[in-house]
Structures are given as C-alpha cells and as structure tokens.
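Let's take a walk through this structure together. Have the sequence and the 3D view ready, and follow along as we go.

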Amino acid sequence: YIGSAQVLIQAQPYNSKYEIPRKHFFVYNHLVLGSGEFGIVVEGAIQLPQDGRMIQVAVKTVRPNVDLQYFRALLSEVKVMTCIGRHPHIVNIVGACTKDIRKSEILLAVEYCRKGNLRDFLRKSREGFKNQIEDGKLQPLESIVEGAICTRDLIRWSCEIANGMDFLSSKNIIHADLACRNILLTESLVAKISDFGLSRQLMDYSNYVKKHQCPLPWKWMAIESLKDMHFSIQSDVWSYGVLLWETFSLGEVPYPGQNWSHEFLNDLVAGKRLVKPTYATDTIYELMLECWNEDLRGRPKFFKLKEKFEGVLADVS
Ligand code: ACK
C-alpha cells in the first residue's frame, strides 16, 4: 500500500537547493515526536547557511540497519518536497542532508508544528469549545475567550486544508491518507497537511496492512479505493469529507465500534453514510455528503471546497 506521488518523484531529479551540511543539523534524539519500526521523528534545529539563524524543525530519519527500501522512501519524500515548492498549508521542507552523511543516515528537516495533530488537538479542546451554531444557523461570537476554540476555527481549518489539497493536486500529488491525524497545527494554530510523501511507510503502514489483512485506513477510504485500491485526487476528496466529519465532531472516531468487513463496503455502496456531526450546519453536512458521492466525478474539486468554506467563513466573521 503506497499512496502519493510515485510518478512525480521518479521523474524528478533531486533539487539540491535544500541540501544542508551535516554540521548545520542539530538532531535532538532524546526529544522524540514519533517513532515507528523503520523511521523516527525527533525535534531538531537547523542553522541556515545564509545568515546563521537557528530554525526549530522536526527531523525525520530512517532507523539504522533497516531495509534499503526505507532509505529510498525517505529520499523520495525529500525529492517530492524539494520539487513541488512551498505552500502555507503543507508541512514544508526546511532542509535535508542526503550527501554529507554519517552511518548512511538521511535527514529530512520540516517545519516544526508545535500544537501537534488536529485530531488530538480537537479532543483536548472539547472542554471550553464555543459552539456558534444556534437554531441551525451560524452566529457571530459574542466574546472572544482566550485560548478557546470555536466553530469559526473549525471552518478556517477546513478551508486551509482544502487550500493545501488544491495545491497538492495541482502538483499531481495524491495524499491517500488524508485524515485529522495527518494534519499538524503550528504555534499560531495554522493547519498544515503532513505525510504526503512516502515516508508514512516508515512509521507503521506496511506492517499494519500485513498484520490485519484489511485495506487501511478503511474508514477514510473511498468506495473505489476499498473495491480495487484505486486512488486519485477524487478519492482524496472522499477522505476530506471524513476529515470534515472528524473536525465538526471535535475528533470523534468515525463509524465508532465498527470493525472492517465487506459489509462496511456493501453499506457504502447501498448509500449508507456517516450521520451529521454535532457541530456542523446543514450546509457543511451537505458538503460532506457531496464528498461521499459514489461517482467520483460528482465529488467537488478542492478549489470549490476551498471557495465554499471561504464563503461560510465570511458569514461567521
Ligand atoms: O501525530 P503526532 O503527535 O505528530 O505524531 C506524529 C509523529 O511525529 C510521527 O509522524 C509528529 N510529527 C511529525 N512531523 C511533525 C512536525 N513537523 N512537527 C511536529 N510534530 C511532527 C506527528
């Protein structure tokens, strides 16, 4: 199971503009952000060669002594990131060390997202959440409560993520695992799409599939992906619909208590869908249902979704 831009990366050379000498890389191995069987993400810093400034980063590396394919996967991710250019709503590359290497390491430094992933953040924000929906309509905030999350934030993130996905789709990148757990938040709570390269395999993917023998992440997957592992930008739109559902339920697990079986796919084909989450308006729920159109050509494009959410955002501002 591999999602993402295989075609693009194979065709592209490595853009060495981002290559940073090993001595400018500071890797804090004791500050682990996440770890998997093949890869690890730790906090770090990079000293910019241009002006000597230190930038806080997240450093992705491959564990020593793992199969060569995982080094290749990380290198592919570096290539993708250097080739596609920057966007405010993706986790951008800051630098990489692929040449000047010790013990055959590859280091990929990306923007540090202090507030972690959107799913956990939403769950932590449930207490104190300011619901701006009254009688099914969005209301302006009466007063701003420092540190509290409100419906407007949920709409803003939805808009930012559609914006980032529109950018990725313009670069022919298929994410194939769009979900709130793969959206990271910066210090100022800006949403950024993470893990759109191949390095997802470094964490737990390939193993997971082998262990469970079911298509993963099945709750986020479009009908055609579940049927025959067909992934496209329009299957990302389906996953985005599930991501919206997670967002407007403040991080609930979709289809709670359900285990994978072919029954699940049969239900989807029969037209069964997730019910309206607590904090969505009818308009927002209708967008989710459009994303879950069985006919992938009938699903909205990311730029349309971005425009729709910009409209909703203007109403609530
Ligand atoms: O979901 P998390 O808490 O946030 O756990 C994962 C883990 O590393 C493995 O991917 C965290 N992580 C990944 N990239 C970054 C980043 N750029 N900034 C902060 N945390 C990150 C991620």
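Two strands count as paired if DSSP finds at least two bridges between them. Strands (E, at least two residues) and helices (H or I, at least four) are DSSP runs, numbered from the N terminus. What you see is a predicted model, where local features need pLDDT of at least 70, side-chain atom pairs count only at pLDDT 80 or more, and totals for chains, interfaces and linings use all residues. Residues are numbered from 1 along each chain as its sequence is written.

Start with the sheet. Five strands make an open sheet, ordered β1-β2-β3-β5-β4, with antiparallel pairing. At the edges sit β1 and β4 (93–97), each pairing on one side only. Zooming in, β1 and strand β2 (residues 39–47) run antiparallel and are joined by seven bridges. Val 27, for instance, has Gly 44 in β2 as its bridge partner.

Now for the ligand. Around it are 15 residues, and the closest are Leu 33, Gly 34, Ala 58, Cys 113 and Asn 117; being near means that a residue's C-beta atom, placed from the backbone, lies within 6 Å. The sheet comes back here: β1 (25–35) and β5 (107–111) each supply at least two residues of this shell.

One more stop: Lys 60, in strand β3 (residues 54–62). UniProt, in an unreviewed entry, places the feature "binding site" at Lys 60, though such annotations may be inferred rather than shown by experiment. Is Lys 60 buried or exposed? Lys 60 counts as buried because it has 26 C-beta neighbours inside 10 Å, where the cut-off for buried is 20 or more, for exposed 12 or fewer, and partly exposed falls in between.
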